[in-house]
Number of protein chains: 2
Amino acid sequence: MKKILFSCLFIFVLNLFTNAQELKSPDGNLKLEFHLDSAGSPVYSLDFKGKEVLNKSKMGFILKSDILLNKDFKITDSQFQSENSVWQPVLGEQKEIRNNYNEMRISLEQEKSKRKLIVCFRLFNDGLGFRYEFPVQENLRHFIIQEETTEFNLTGDHKLFWIPGDYDTNEYSYTTSKISEMQALVYDAVHVPLAAQSTIKNLATQTPLMMKTNEGLYINIHEAALKNYPAMCLNVNDKTFSLSSHLVPDAVGNKGYIQTGSFTPWRTVVVSDDARNILASKMILNLNEPCSFEDVSWIKPVKYIGVWWEYFTGVGSTWAYSDNQDVVIGKTDFSKLKPNNTHGANTKHVKEYIDFASSNGFDAVLVEGWNEGWEDNTAFKKERIYSFTKAYPDFDVKELSEYAKQKKIKIIMHHETTSSASEYERQLNDALDFMTANNYNAVKTGYVGPIIPRGEHHDGQQMVNHYTYVATEAAKHKIMVDSHEAVRPTGLHRTYPNWFAQESARGTEFESMEGIHPDHTTILPFTRLMGGPMDYTPGIFQGDLSVYGSKKNKLSTTITKQLALYVTMYSPLQMAADLPENYIRFKDAFQFIKDVALDWDETYILEAEPGDYITIARKTKGKQEWFVGGITDENSRTALIDFSFLPAGKSFTATIYEDGKTADYKTNPQSYNIRKITVNSKSKLKQKLASSGGVAISIK
Amino acid sequence: MKKILFSCLFIFVLNLFTNAQELKSPDGNLKLEFHLDSAGSPVYSLDFKGKEVLNKSKMGFILKSDILLNKDFKITDSQFQSENSVWQPVLGEQKEIRNNYNEMRISLEQEKSKRKLIVCFRLFNDGLGFRYEFPVQENLRHFIIQEETTEFNLTGDHKLFWIPGDYDTNEYSYTTSKISEMQALVYDAVHVPLAAQSTIKNLATQTPLMMKTNEGLYINIHEAALKNYPAMCLNVNDKTFSLSSHLVPDAVGNKGYIQTGSFTPWRTVVVSDDARNILASKMILNLNEPCSFEDVSWIKPVKYIGVWWEYFTGVGSTWAYSDNQDVVIGKTDFSKLKPNNTHGANTKHVKEYIDFASSNGFDAVLVEGWNEGWEDNTAFKKERIYSFTKAYPDFDVKELSEYAKQKKIKIIMHHETTSSASEYERQLNDALDFMTANNYNAVKTGYVGPIIPRGEHHDGQQMVNHYTYVATEAAKHKIMVDSHEAVRPTGLHRTYPNWFAQESARGTEFESMEGIHPDHTTILPFTRLMGGPMDYTPGIFQGDLSVYGSKKNKLSTTITKQLALYVTMYSPLQMAADLPENYIRFKDAFQFIKDVALDWDETYILEAEPGDYITIARKTKGKQEWFVGGITDENSRTALIDFSFLPAGKSFTATIYEDGKTADYKTNPQSYNIRKITVNSKSKLKQKLASSGGVAISIK
């Protein structure tokens, strides 16, 4: 690592007079300007290749009660520094990540109160990161943030890919609209059935927020390294096109409890005139702290199936062991309950899954519904719904642990908390010990419904701390964590690589409920996935749920698009979500899921337009083997796949999983064709994709 | 145990017509009437010896949102049952406790909604207990209590010994006044400096509430077995003299989250025309569940000294190791901080305490300030202030553990949480393991300041569950708990005898702060102590704090009264709170503290008038040895001590610790005299007590 510190005296002296600072990205394309306005308020702006990305935007805080930490400043120091180094993620889209930025740290002090604040900017070739730092100082030690007043002032009425601002859920469908159109669309966007909703009253949206300007500039706003701080939503002014930070409050309306000697998460603005660069950006990871564990040998990618989709299909399988809802953990003797005989997580059935996983090369089987309490799982206000150490009478922990071991399969633990974080923390230590004792090395956590402690929100400071606490406690037991309904990720999987996937967006489960739009997965990589891997749980082959029973849901994609998602939606944790019977039925298509890698040497974004299409190629880690995934929205299209990512001078066999000629996600989703061609680094393939279709290619 | 169930058909049939029920206490003195009024609302009233104690008072609940569970009922069943048995508390004021009551259980059902509610009354000779039971039923499973609407309608403008209604503290001084005078006095009562206050906006008070009628009837209202429910305050109508339940809300204003198949705590009304019977009542203990532990051999009374009072005296000793407030647990290396050299809990100093404890027959030494974090102990909003497993650099855990073991002394662990219950629960398991590993068997917990989870209250349902959780987790480690600033006790020490003492009232520490009234300890046994033992920490001999430094506080009692408190304030945990040097100085008076027992075969309430005086004699458990304590308020008096509690026909030597002739708590508090007399069961002693003075007698 090479660090150059040039806190130049002459710049410092200059600044005291001009009161303005400038920083450029290493390639010179991005330019940041900073100054204090006449009121002493910090102001920044951002240009890309001479075009304005963000107009003059104010920064700072209002502290409780009504202490302004956003004006009356003078600059006391500015320091410049550069970084250009390479690091290796434990798991990732590429083997090596370059961390190259120029940094500017501005020290501010309020004239009268002598309160100090530092603003630290890092300009990468792909975007801007900045954070606030609260140095240890005499006149400020503990304070409460009433609001962060950071602005992101846009230059026009951009196109936005947005979900409503909400303190408790990210599981909305995306709406694509101009900023000026949002107000008319927000009612419908908000009024959807979700288990826990706390929508922001004013016009607001969530991050990662993807935008496109009329001039074809792509802008993505999010945050990096969210720790001990609430998540940031964005207020939207649809007249001035100004966005401003809106932190998630706690139970009493406060936004954050801060002790000086600390800093905020990074506010991130990824910018490019090519949408592919947004997906290729590793800036958010670069802004996170390095891995905090010494031994990472136990952190592995996981391909899994699970006792899961059968709960959603309408086939009649249940999480609960009995129909008696009047159960009380610690009091009810579950062995005395009358079994409902629809309980999915029974020993025999789980063994079938283990057998299927074992014979098809999977790593693991997720089992939901194994533990006491599911009878009452919708009791959202109940502090203690589940035991995390007591299995149902028909789930033999020891026997299954032994059986899985023989079959070289791991069982993935499931901890649905129904958002009683208080109770989960009480049981956590015992639950992790129980996992270790029974050979589990990964847990899927769930946070359905409103939070306990009551009044807290999924995305507030206390819950942010909770998720990190769970991840770090799990790490002590060498356990990997896949959190569902937690706050959306901000690159913390660099620091805690065992927290290897999250849901935190509308995932496949909605295919069995209110549905997923065909463009959804062309947006997610530009939004939710900017923060980290998603356990999207693709792989649904039987998309017409009416075959199972009374449900009428139909999948929003073709089968081929389901395959392509394993490449376009990066995650080191990937599920084949459908029932084994459907994989047996479509054995040739299933082969792609069996083959596809989870960890990569290189990633090549071949084509990308948010809301329309994405084509990505990736090279398997440590192997001369590539996988390509291409998807489209409701419009069929022809993907142009350029194989120049292959090593020159060599030919490879490419197996192409393509939509059938008459394939269409509505009328003919199960039509696909598999063919083999020979490709080399000069090959270019024009590949037809059906309406909400896709293409998946494996190359050896 | 003898149980008679006579669910008499004829009574049942009768009731359906008369709609009225009657129950009498075993001795016939107390009579309860119950009926449904014309709106179908449950109503009860209570008589004592033909005099009304409570007028017709309504019962029930308002559920969220606005579901009335207090009217439209019909009676569907009534069952009667009696109990007359004896049980042995693990530790207590007497070896055996008689549990003798008549019970009436009324089953109610709402006409339209079919919601069911059961009211269970138990009438003892000393009072009434009643609770609500929520049976498992079809139309109600989970509900939120908006308010409990239980009334206690008094018959007149009684004299009350009251503290203001508050969700977060019981550390107020008592005000003695008529109900009609409360409104004029409440402003001064409320406006006092306390670390966490959430006073009820309307006129309200807390329980245990002691009252005296103009006719000389003594009435005490409290509750028993408070579990998974918020504590009850009482709204006061100073015109109608009606009291009504006011439950402590949670962070979002709800009062309680209930699943059917459960019940509320018991509402208790202890009644007598002799104040001594109020103190003698064991009704609240009888209404609690029996001990939940099989092995109780590890639960022992504890007499202790501690590194404690020196923090309050102004002598300059500090909890904190350094003066650097910018510390962060897990980040700050405390061994690198500059010591302030005033840190009380250092190895050398603690050894001095251990030596003193050992040579004076004590069981234990409390050490406050042993652990990292005290520099920032007033950071009330900070989630993580302390480590409960890392000692300060100058406190050698292993060395002190060994040293204490050699000297046959236990060190009492201290866990001040500054009310971050969230963080305490995260560390609890490790903290208890740490205690076990280092030979600790008791912990003093502390809850100074506002609660985290934020918005929750000390006395709300979630914190009630927290305290019970801590007590039961501690029990798994065979650790005893003495909780400070927790919800006031309700007899749960019967069920969890390791939770053997609490503070939960204004204790001796206030002698060094805003002061204690001379009548305070003549009221506490009638109020706070009705629920359970108090760690009042008496034994201050040097009451003039000006001898230490800049403080001007003067003790509110004579030395002799301090001695008497060891008898009048029952607790199996008793501290000799003063500095060792003062015990060396007043060695002869100190002898009483060394001698006094902590666990008893029998207790005799010889004289009692709330707010005025108390004289109690107790027989040491398993020994022919008695101790007598007598105290008075600011008025000197002559106590009449009748020794008829002694076995007949034998003489004993009584050592009398009495106020000196010129003793007076203001002008001459350290004047005392010690004399020996011979007594037998026919002896009667007229003993002069000084203003806020006392008498202490040991008999062998």
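The crossing of helix α7 of chain A with helix α7 of chain B is right-handed, meaning that the near helix is turned clockwise from the far one by less than a right angle. This is a predicted model, where local features need pLDDT of at least 70, side-chain atom pairs count only at pLDDT 80 or more, and totals for chains, interfaces and linings use all residues. Residues are numbered from 1 along each chain as its sequence is written, chains are lettered from A and ligands numbered from 1 in the order in which they are written, and side-chain values use heavy atoms, leaving out hydrogens and water.

**Where the two chains meet**

- Both α7 helices span residues 421-437, and their axes come within 8 Å and cross at roughly 15 degrees. (Axes are lines fitted to C-alpha atoms, for helices over the stretch in contact, and angles run from 0 to 180 degrees between N-to-C directions.)
- That makes α7(A) and α7(B) roughly parallel to each other (the label for angles under 35 degrees).
- On the α7(A) side, the contact (heavy atoms within 4.5 Å) uses A:S422, A:E425, A:R426 and A:N429, and on the α7(B) side B:S422, B:E425, B:R426 and B:N429.
- Sorted by class, that's no nonpolar, four polar and four charged residues. (Ala, Val, Leu, Ile, Met, Phe, Trp, Tyr, Cys and Pro count as nonpolar, Asp, Glu, Lys and Arg as charged, and the others, Gly among them, as polar.)

**How the copies are related**

**A helix pair inside chain A**

- Helices α10 (residues 559-568) and α12 (residues 587-595) of chain A pack at about 10 degrees, with axes 10 Å apart. (Helices are DSSP runs of H or I, at least four residues, and strands are runs of E, at least two, numbered from the N terminus.)
- α10(A) brings A:I559, A:L563, A:Y566 and A:V567 to the contact, while α12(A) brings A:A589, A:F592 and A:I593.

**A look at B:Q687**

- You'll find B:Q687 in strand β37 (residues 684-689) of chain B.
- B:Q687 is buried, with a relative accessible area of 2% (buried is under 20%, with a 1.4 Å probe and protein chains only).
- B:Q687 and B:E658 sit 29 residues apart in sequence and 8.0 Å apart in space, C-alpha to C-alpha.

Methods
Angles under 35 degrees count as roughly parallel, over 145 as roughly antiparallel, 65 to 115 as roughly perpendicular and the rest as oblique. Buried means under 20% relative accessible area, exposed over 50%, partly exposed in between (1.4 Å probe, protein chains only).
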